[in-house]
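Please keep the sequence and the model in view while reading.

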Amino acid sequence: MRSRAGWFATLGASTLGLALASCASDPAEGYSFRSTYAGNVRSIAVPMFQNMTQAPGLDRQLTEALTKELQRSTPWLVTTGEDADTSLTGTIRAADPRLLSVDRITGLAQELAVTVTVDFEWRDNRTGKVLVSQRNFSATDTFVASRPSAERLEQGEQGAVGQVARDIVTSLRSAW
């Protein structure tokens with residue numbers, strides 16, 4: 001009769017083997033251990049996005065947020081030079097605040113949302129081919145303008161910029 005430890009070890013090894021066998025080598029075919037980001041890309045340039053809004057500094061914030069998100073979640077080297085394999089360029093079209101709620105007694109704004117809308121294009125510098133292009137790509141974040149929080153509009157803008165940067169980088173993944 002086998003010991004309990006031996007039985008659990010056999011069960012664990014069998015389960016692991018079955019799990020690994022069910023993984024595909026191509027992410028488009030099911031579970032995979034491969035990256036979902038393009039393997040033929042080694043570097044990406046992120047020049048400053050253009051800012052068509054009245055919000056000063058939004059271009060710098062978005063470019064910085066994109067750079068950090070690319071460094072955090074992709075295998076690509078982020079550069080500013082023209083020698084990069086690919087380039088991510090874009091324009092910030094709008095940064096619109098929207099009233100979500102008002103105080104019942106004073107009528108003052110309590111909660112607001114900021115939606116940042118961008119157009120962007122990811123291009124392969126080696127071939128000139130556009131890999132991903134999106135228009136009116138947007139993200140929204142909320143903030144509390146009333147006391148005691150008294151958050152400023154810039155906090156809402158910063159949150160929306162961070163969200164749109166994460167969403168842009170996610171959209172650069174290979175097709176499933």
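How many helices and how many strands are there in the chain? There are three helices and six strands, where helices (H or I, at least four residues) and strands (E, at least two) are DSSP runs numbered from the N terminus. The model is predicted, so that local features need pLDDT of at least 70 and side-chain atom pairs count only at pLDDT 80 or more, while totals for chains, interfaces and linings use all residues. Residues are numbered from 1 along each chain as its sequence is written, and side-chain values use heavy atoms, with hydrogens and water left out.

**Overall organisation**

- Read from the N terminus, the elements follow the order α-β-β-α-β-β-β-β-α.
- Of the 176 residues in the chain, 35% are buried; buried means under 20% relative accessible area, exposed over 50%, and partly exposed in between (1.4 Å probe, protein chains only).
- Contact means heavy atoms within 4.5 Å. Among contacts between residues at least 6 apart in sequence, 64% join residues at least 24 apart.

**Strand β5 and its partners**

- Strand β5 covers residues 109-124 and is mostly covered, with 12 of its 16 residues buried.
- On one side of the pairing record, β5 joins strand β4 (residues 86-102) in the antiparallel sense over 15 bridges; two strands pair if DSSP finds at least two bridges between them.
- T89 has E121 in β5 as its bridge partner.
- Six residues separate β4 and β5 in the hairpin that they form, and G107 in the turn has a positive phi of about 80°.
- β5 also pairs with strand β6 (residues 130-144), in the antiparallel sense and over 12 bridges.
- Within this second pairing, F120 stands opposite Q134 in β6, and E111 has V144 in β6 as its bridge partner.
- The hairpin of β5 and β6 has five residues between the strands, and G128 in its turn has a positive phi of about 85°.

**Two individual residues**

- R123 lies in strand β5 and counts as partly exposed because its relative accessibility is 30%.
- Although R123 and L88 are 35 residues apart in sequence, their C-alpha atoms are 6.6 Å apart in space.
- Leaving aside neighbours within four places in sequence, R123 is in contact with D85, T86, S87, G128, K129, V130 and L131.
- N136 is placed in strand β6 and has a positive phi of about 55° although it is not a glycine.
- N136 counts as exposed because its relative accessibility is 59%.

- The 16 residues of α2 should span 22 Å at 1.5 Å a residue, and its end C-alpha atoms are 22 Å apart, which agrees; the expected span is 1.5 Å times one less than the number of residues.
- The buried residues in α2 include L58, L62, T63, A65, L66, T67, E69 and L70.
- Cover for the buried residues of α2 comes from elements including β1 (43-45), β2 (50-51), β3 (77-79), β4, β5 and α3.
- For α3, 19 residues at 1.5 Å a residue should span 27 Å, and the end C-alpha atoms are 27 Å apart, which agrees.
- The buried residues in α3 include G156, E157, A160, V161, G162, V164, A165, I168 and V169.
- The buried residues of α3 are covered by elements including α2, β4, β5 and β6.

**The largest pocket**

- About 150 Å³ of space lies in the largest pocket. A pocket is an open set of points on a 1 Å grid over the protein atoms alone, where a 1.4 Å probe fits, with protein on both sides within 12 Å along at least five of seven lines; lining residues have an atom within 4 Å of a point.
- R60, Q61, E64, A65, K68, Q158, V161 and G162 line the largest pocket.
- Both α2 (58-73) and α3 (153-171) supply at least two residues of this lining, and the largest share, five residues, comes from α2.
- By class, the lining has two nonpolar, three polar and three charged residues.

Notes. Grid points are joined across faces, edges and corners, and a volume is the space filled by probe spheres set on the points. Ala, Val, Leu, Ile, Met, Phe, Trp, Tyr, Cys and Pro count as nonpolar, Asp, Glu, Lys and Arg as charged, and the others, Gly among them, as polar.
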